[in-house]
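Here's a quick briefing to read with the model open beside you.

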Amino acid sequence: MLIEPLEIPLLYGRIAIATAALSHTLFATFIVGSAFMGAATETIGRLRHSERFERLARLIAFALILSTAAISFLGVILVFCLNIFWPHFWSTLFRVMFWPLLLEAGFFLGEAVFAYSWYYSWDRLGGEGRGKSLHIALAWGAAVCSYIAMLMIDIVASYMLTPRPPQPIWLAVFNPTMAYLHVHRIFGNFVWTGLAVAGLCAVAWLKARTFDEAGFYRWATSVCVLVGFGALLIMPGIGYQYLLQVRYTEPQAFHALMLGGRSWLFDLVALLYSLLVVLGSWYILRIVRRTAPEESASRLIVPWSLGILFGAGVILAMPYHLQHIPFVSNVTDALINPLGKMQPYKYFALSALVIFGFTNWVFLSRSFSQRWSAWQDIANVPPDRRSPRLVLVMCLCAVLTMFSMGWVRESARAYNGYLIYGVMKLSDEEPTYRSADGSLSETPSAR
Amino acid sequence: MPFDLNLPAMQFPLLGNSLAVAIPSLLHIVLAGLSVGFLILAPIFEWYGRRTAHFTDLAYGLTKFTVLVFSISTVLAVIMVELLIGLFPVTTMWVWNQFRGPIGLAIAAFLLQFAFLYPYYHYWERIRARSSVLHMALGTAAALLMLIWVAVLDGMGSYMLTPVKGASPWDNLWNPTWLSLGLHRLVGELAMAGFVIAAYAAWRLGRQNAEDTREYYQCMFMIGWLSGLAALLLQPLTGVIYASWIQRAAPDAYEQIVRGEYRLLAYVQFALIGLLMVGSHLLSNGAIPPKRRSRGLDVAIPVTALLMVTSVGYTTLRRAFLYLLVVLLLWSVRSLFVREGRRWLLAASFKPSMRPIALALGVLSLLVYMTMGTIRETARRPYTVRHVISLHDRVERPTADGAKQREASYATMEGQE
């Protein structure tokens, strides 16, 4: 009823929504990860009586409240865009997912209240004793609320790809990919947040003017890389399970992503993943070379491991269907790249990335032991400008991975023309953009 | 696998749809209204802070509050919007689509406001050390950009009461009650902000304080109270402008406010305003020496307030009493100042007996703001968009044809204007 057609191409709406959604997601995922990381670092700081962990927790808390403010407004923009550009889709999805969406907003409110109380009560409660326990409880309150909010959004996001009848609501809530997407996102958040905070610390490390500052930020960068890089190595296992579920539930969508027209996007994700593992290992190699004891096995293993990871990364990033990559037809007529086959090459490559990446991660974690004394005597260590820059490149790769991964998931539906898979098509929004007879478009509820 | 995703209209359990939307909306507008008021006052106080340091401290405190509650207020807005989409999808979608362009502008202004507000607060000392004018300019820019956002939202709110058949979304913004609502709300926000500042200062003064902090809170109390009072004295004028525009554009809505089903809300509103004015007089009395107090005003102000409340249903009479009350209060406030040569000086001070009154005025100002919001919403009943969409979220269809019925509903509105 009564809605003047937008009279613009459908693509404009898609671009507006994609931009709003991707920027919103970037901050939203950061909030979940940073709330947990912040709470954990403050807890560890208290248990170990470590000022460094306390300082890192405060830095994370500051990043958290800034992103909470940003995301709350980006959320409003996303809702505005959805209502204006895809009103039929949004009102339909909203009716089906009313309670999860409402609960999500409610728990996000809880997260904001806890997070702000946490950060702004630091001087008052952050000392010792009972006040400190309450302060840590506030941090965990923010973490739990953000986690539940994310769970609610995962219900909605997974429903769009693998929908079930809207009533009873449990069928829709526990749709086939809900649990898989959720677990995938939990670890994905830790990858992104770990590397994003590491990036922030790396900037501060580069800008540090005193030994104390440089020492702290060098240590903090490595702690965050440890978190992000560790979670990164778990992702392929979870992602594999998620994809299997998509394959069984929506084979068409799976085909579009893995072998079809959008397989190049998945190759891009594979390339970024490989880059992250290689760059992370390179960073570890630099730590090993500078600070590992002479007799440490890491001095022998990590360089070799990096070489193997490089080879594995190249294989993993190779495309199989060459002609699905934009503009490749200008270069070659070949249809298939046999080395880009999943079975066996990419499976081996992925296994190598995880196994050797994990080996390197173990050495990074060992660098925090007393024997290595990597983080203590900063004054005796020559200045290092390359390591923080490496971390910044990793951070950039993590941002690109988040964007492309989001795009991959949306593509799984959109490539086959769906907004809600198998139920609602993108073409259903056409009346919002132009009406065939020149009359006004109708909202679904008024039809 | 295809199945039908169209579900029947939702009914929010226990609360009902209207109340479910009203609760987060009211919570949101209180925080948002206070934030807008503080954002405007902060650079002004900072300007005065060039002479008195307490003003600068107050400006910083107000900005801190704005930044602190920003996310909470925005999330409340998201909850409100989500409830609107779920419970009133047709209304929400229609109204938003009537304002596509202005919404774009509002979003851009708000994002830009972010870019000014955060450095304004988080780099307060650093920027002031470099240039205090630049710092004030940041605060002013943030406030002005926030006002663009508020103006667009006021446009949408006023449009729901007095819709027009605009040729473009920008014309829809220019509906009969837009500017008057914007002005009335802005002054209301300043009044609320002032009284809340005074209430907070009074609360802090009741606790153990070091001497320098005590002096700061006394100063804060006076600044807040006088700002609130100034806006309160201005508010009857902006209220009459707003009411007369409603009367002209939607006479039935005006009738509904003062004599209709929800007239109780109007009585409550005027009772609260009366109490605010009586309370302000009591504060004024408390702040000056007994010999300068006026016995006549002690009787006249409460009696006039009472007469104003009882005459709510009689527009001319009520307005006469309201203006009389404003004049009496101005007379009462005059005793706060003494003349020294050519200048008027403030000769008032905080006393412990004023604390409960100040706290009560803070609460009352919040209640007035919320009641006014509720009145504006009930004025549209039984419509969500007057004469266009019903409270049951259904389009009013005098004819079967979609285009014709739309024309007809607009024609009705235009006739009333």
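How many residues of chain A are in contact with residues of chain B? The count is 44 residues of chain A, in contact with 38 residues of chain B (contact means that C-beta atoms, placed from the backbone, lie within 7 Å). Keep in mind that this is a predicted model, where local features need pLDDT of at least 70, side-chain atom pairs count only at pLDDT 80 or more, and totals for chains, interfaces and linings use all residues. Residues are numbered from 1 along each chain as its sequence is written, while chains are lettered from A and ligands numbered from 1 in the order in which they are written.

**Where the chains touch**
- On the side of chain A that touches chain B, helix H2 (51-85), H3 and helix H4 (98-120) each supply at least two residues. (Helices are DSSP runs of H or I with at least four residues, strands are E runs of at least two, and both are numbered from the N terminus.)
- That side of chain A splits into 31 nonpolar, eleven polar and two charged residues. (Ala, Val, Leu, Ile, Met, Phe, Trp, Tyr, Cys and Pro count as nonpolar, Asp, Glu, Lys and Arg as charged, and the others, Gly among them, as polar.)

**A covered helix**
- Helix H3 of chain A, residues 87-96, is mostly covered, with ten of its ten residues buried. (Buried takes 20 or more other C-beta atoms within 10 Å of a residue's own, with C-beta atoms placed from the backbone.)
- Among the buried residues of H3(A) are His88(A), Trp90(A) and Arg95(A).

**Two helices packing in chain A**
- H10 (residues 251-258) and H14 (residues 386-414) of chain A pack at about 125°, with axes 8 Å apart. (Axes are lines fitted to C-alpha atoms over the stretch in contact, and angles run from 0 to 180 degrees between N-to-C directions.)
- From H10(A), Ala253(A), Ala256(A) and Leu257(A) meet Val408(A), Ser411(A), Ala412(A) and Arg413(A) of H14(A).
- By class, this contact of H10(A) with H14(A) has five nonpolar, one polar and one charged residues.

**The chains overall**
- Chain A has 15 helices and two strands, and 49% of its 447 residues count as buried.
- The C-alpha trace of chain A spans about 80 × 60 × 35 Å along its principal axes.
- Chain B has 15 helices and four strands, and buried residues make up 48% of its 417 residues.
- Chain B's C-alpha atoms fill a box of roughly 75 × 55 × 40 Å, taken along the principal axes.

Definitions and conventions. Contact = placed C-beta atoms within 7 Å. Buried ≥ 20, exposed ≤ 12 C-beta atoms within 10 Å, placed from the backbone.
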